[in-house]
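Trainee: I'd like to learn how to read charged pairs and nonpolar packing in a model. Can we work through one together?

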Amino acid sequence: MSKNVTVLDYGSGNLRSAERALARVGADVTVTSDYQAAMEADGLVVPGVGAFAACMAGLKSVVGDRIVARRLSAGRPVLGICVGMQILFETGVEHGVTTSGCGEWPGTVERLDAPVLPHMGWNTVKAPEGTVLFDGIDADERFYFVHSYGVRSWELQAGPGFTDPLVTWAEHGVPFVAAVENGPLTATQFHPEKSGDAGARLLANWLGTLG
């Protein structure tokens, strides 16, 4: 039976390319800002492009921050993509302006220290042992990135009785977080929907985790 996935429409992100990529791997996809549809879907995808502050404003306009929090409190899967990953962190700093994110993870989204920005194009990633998201994907596969900002240090440490999140890294000038697997909350800095067969495999792997 195919899984029902909602791509959250809050005015930011490659909605149709995400829709097509998910449908390609067998999902029954709806693109909407409807609260009930987003809450009831087997999986919720939060895309995002552009500025952190603008994405947070758009997300709040459709109570997307509340949707994410309530889904996660119920153990319901959420996948953030690009800025849709960044806004899951505590804060974003762009052009000297600090904006509060969803706060699902501690940490700051900040400008990458690299000779060329944006970081645009294909890059390899270093996935951790035990990853589900990158299962069956060769270590030398490349994923498509478009960003100038990222999370340069991972701050969350799981306490006793909790499993440490699986953090995937990439490098452009400096190391940065490329993906996170943290129970029902999953995110990628790169665009799996623009990453060819490797991105399709990753989306299929995520789809396979939906209950």
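Mentor: Let's start with the term: a salt bridge is a side-chain nitrogen of Lys or Arg within 4 Å of a carboxyl oxygen of Asp or Glu. Bear in mind that this is a predicted model, where local features need pLDDT of at least 70 and side-chain atom pairs count only at pLDDT 80 or more, while totals for chains, interfaces and linings use all residues. Residues are numbered from 1 along each chain as its sequence is written, and side-chain values use heavy atoms, with hydrogens and water left out.

Trainee: How many salt bridges does the structure hold?

Mentor: Two. In one, Arg16 pairs with Glu19, with the closest N and O atoms 3.0 Å apart. Both sit in helix α1 (residues 15-24), three residues apart, or about one turn of the helix. Helices here are DSSP runs (H or I, at least four residues), and strands are too (E, at least two), numbered from the N terminus.

Trainee: Why does Arg16 count as partly exposed?

Mentor: Buried means under 20% relative accessible area, exposed over 50%, and partly exposed in between (1.4 Å probe, protein chains only). Arg16 counts as partly exposed because its relative accessibility is 48%.

Trainee: And the other bridge?

Mentor: Asp197 meets Arg24, the closest N and O atoms being 2.7 Å apart. That pair links distant parts of the chain, 173 residues apart: Asp197 is in helix α6 (residues 196-208) and Arg24 in helix α1. Both Asp197 and Arg24 are exposed.

Trainee: What about a nonpolar core?

Mentor: That's a set of buried Ala, Val, Leu, Ile, Met, Phe, Trp, Tyr and Cys residues joined through side-chain atoms within 4.5 Å. The largest one here has 62 residues, and Phe143 and Trp206 are among those with the most contacts inside it. Strand β12 (residues 174-182) gives the most to this core, six residues.
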